[in-house]
Amino acid sequence: MTTDLATDVFEEHRPLLMGVAYRMLGRVVDAEDVVQEAWLRWYQADRAEVREPRAYLVRVTTRLAIDRLRQVQSRGEAYVGPWLPEPYLTECADTAPDSADRAVLADTVSLAVLVVLESLSPLERAVFVLREAFGYPYAEIATLLDRGEPAVRQLAGRARRHVAERRPRYEVDPVRRRDLTERFLAAAAEGDLEGLMSLLAPDVRLVGDSGGKAKAPVRTLHTADKVGRFLLGAARKMPQHLSVRPVEVNGGPALLLLAGDTPDSLFQLDIADGRITAVYIVRNPDKLRHLTAG
């Protein structure tokens with residue numbers, strides 16, 4: 001296989017590899033580093049001996065992501081305030097034209113699910129991602145991870161139960177989420193407390209991630225009254241020079257606030273039964289710098 005052909009093969013699979021690495025790590029920069037390392041492994045490999053490039057690349061990427069995740073967990077670094085994954089710009093329609101496939105991809109990359117995945121072991125997370133997000137058969141996952149199939153099935157069952165117990169209920173339908181996002185923005189911008197309260201579920205929660213590097217609640221806020229009043233107060237203090245741009249991150253609509261070309265904040269909503277059940281705000285500049293106004 002020539003170098004040009006090897007590059008073409010890798011680039012063909014790059015979206016898949018990035019999808020695996022990001023779901024494993026919840027960090028865009030770390031995922032990009034893992035994919036770059038996978039490229040180096042691929043470039044240096046005896047590619048004549050590789051019968052299935054896709055399987056080889058997924059195996060290398062998954063194992064590198066497991067190693068990176070173990071390093072992160074072993075460091076046990078303290079994080080200031082609530083933690084959310086780095087927002088990841090997505091366009092599920094490009095890789096999942098079927099609505100059912102799109103729903104699965106959006107669900108497995110959502111902020112809510114990635115927060116839950118943080119509490120899994122690296123192996124449990126790998127099995128969950130490969131099985132639930134990408135539909136790999138148990139036997140193939142066992143080969144990718146050098147584990148027996150019974151052990152993989154046990155890991156999958158344990159991870160699935162863990163996620164089901166802790167994942168909040170929400171809808172992934174992009175049309176409904178986009179409609180509520182637009183109404184949410186209008187009510188907040190107009191200072192319409194009554195209109196905003198009508199959109200919030202009684203037990204809505206607000207999770208703000210600043211990492212101690214920007215202003216955001218240091219604890220999760222609960223109840224419509226507290227969340228609604230916080231949002232209106234924040235809207236009133238919002239600098240006039242900020243602009244709002246709709247984006248798709250983590251499989252769903254979101255609002256990116258920009259100071260010129262510099263990302264300031266990102267808002268995303270979870271909804272269920274026509275009401276907003278969660279408001280996620282990412283303000284940590286380290287998690288926003290890869291988002292641009294382009």
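Which helix does R68 lie in? R68 lies in helix α3, and helices here (H or I, at least four residues), like strands (E, at least two), are DSSP runs numbered from the N terminus.

## Ground rules

This is a predicted model, so local features need pLDDT of at least 70 and side-chain atom pairs count only at pLDDT 80 or more, while totals for chains, interfaces and linings use all residues. Residues are numbered from 1 along each chain as its sequence is written, and side-chain values use heavy atoms, with hydrogens and water left out.

## Overall build

The protein has 13 helices and six strands. Its radius of gyration (taken over C-alpha atoms) is 20 Å, close to the 19 Å that the globule rule gives for 294 residues, so the protein is as compact as a globular protein of that length. That rule is 2.2 Å times the number of residues to the power 0.38.

Along its principal axes, the C-alpha trace spans about 65 × 40 × 40 Å. As for burial, 49% of the 294 residues count as buried; buried means under 20% relative accessible area, exposed over 50%, and partly exposed in between (1.4 Å probe, protein chains only).

## Helix α3 and its neighbours

Helix α3 covers residues 53-75, 23 residues in total, and reaches 33 Å from its first C-alpha to its last. That's close to the 33 Å expected at 1.5 Å a residue, where the expected span is 1.5 Å times one less than the number of residues.

R68, at 22% relative accessibility, counts as partly exposed. R68 and A31 sit 37 residues apart in sequence and 9.2 Å apart in space, C-alpha to C-alpha. In the loop between α3 and α4 (92-95) you'll find W83, partly exposed at 21%.

## Two nonpolar cores

A nonpolar core here is a set of buried Ala, Val, Leu, Ile, Met, Phe, Trp, Tyr and Cys residues joined through side-chain atoms within 4.5 Å. The largest has 67 residues, and F10, M24, W42, L117 and L266 touch the most other members. Helix α1 (residues 3-25) gives the most to this core, with 11 residues. Apart from it lies another core of 21 residues, V204, L231, L257 and L269 among them.

## The largest pocket

About 770 Å³ of space lies in the largest pocket. On a 1 Å grid over the protein atoms alone, a pocket is an open set of points with protein on both sides within 12 Å along at least five of seven lines, for a 1.4 Å probe, and lining residues have an atom within 4 Å of a point. The volume is the space filled by probe spheres set on the points, which are joined across faces, edges and corners.

The lining counts 30 residues, with A234, A235, M238, L257 and F267 nearest the centre. Helix α12 supplies the largest share, seven residues, and α10 (174-189), α12 (224-236), β3 (242-249), β4 (252-259) and β5 (262-272) each supply at least two.

## Two positive phi values

D146 has a positive phi of about 55° although it is not a glycine, and N250 has one of about 50°, also without being a glycine. D146 is in the loop between α8 (138-145) and α9 (149-166) and is exposed at 56%. N250 lies in the loop between β3 and β4, buried at 1%.
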